[in-house]
Amino acid sequence: AEWSAGALANITRVGSAPQQAAVDAGACKLLANLLPKASSSGRQLLVLAFISLAEHQSAAVQQALSGGAEKRHLKEYRDSGDEELRRHTNSLVSKLGSLVL
């Protein structure tokens with residue numbers, strides 16, 4: 001399932017219409033549900049999917065990641081020692097503005 005997050009990231013980068021369709025289908029919450037289950041290689045794909053969705057749907061992404069568990073998982077991602085994952089996680093937090101880990 002986490003590999004589908006990578007595909008979603010690629011699709012939603014096309015523009016706002018695919019992002020809106022993904023949000024309408026519940027993608028943000030579904031992706032948030034994968035945060036504790038993702039393998040080390042799938043974590044980056046999840047974060048990239050959130051970054052892509054946040055281009056035009058930042059409120060939906062913010063809402064999906066606003067819970068304590070979601071923030072805790074993102075903090076673990078950031079602090080995991082994987083430099084690329086840290087950079088992507090920081091980019092997501094920066095893009096959302098009001099998300100504090």
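Axes are lines fitted to C-alpha atoms, for helices over the stretch in contact, and angles between them run from 0 to 180 degrees between N-to-C directions. In this predicted model, helix α2, spanning residues 16-24, packs with α4 at an angle of about 50 degrees, and the two axes lie 9 Å apart. On the side of α2, the contact is made by S16, Q19, Q20, A22 and V23, while α4 contributes S52, L53, E55, H56, Q57 and A60. Sorted by class, the contact of α2 with α4 comprises four nonpolar, six polar and one charged residues.

Helix α4, which covers residues 40-64, also meets helix α5, formed by residues 68-78; the axes of these helices come within 13 Å and cross at roughly 140 degrees. The residues in contact are R43, L46, V47 and A64 from α4, together with E70, L74 and Y77 from α5. By class, the contact of α4 with α5 holds five nonpolar and two charged residues, with no polar residue, while six polar residues are found in the contact of α2 with α4.

Definitions and conventions. Residues are numbered from 1 along each chain as its sequence is written. This is a predicted model: local features need pLDDT of at least 70, side-chain atom pairs count only at pLDDT 80 or more; totals for chains, interfaces and linings use all residues. Side-chain values use heavy atoms; hydrogens and water are left out. Helices (H or I, at least four residues) and strands (E, at least two) are DSSP runs, numbered from the N terminus. Contact means heavy atoms within 4.5 Å. Ala, Val, Leu, Ile, Met, Phe, Trp, Tyr, Cys and Pro count as nonpolar, Asp, Glu, Lys and Arg as charged, and the others, Gly among them, as polar.
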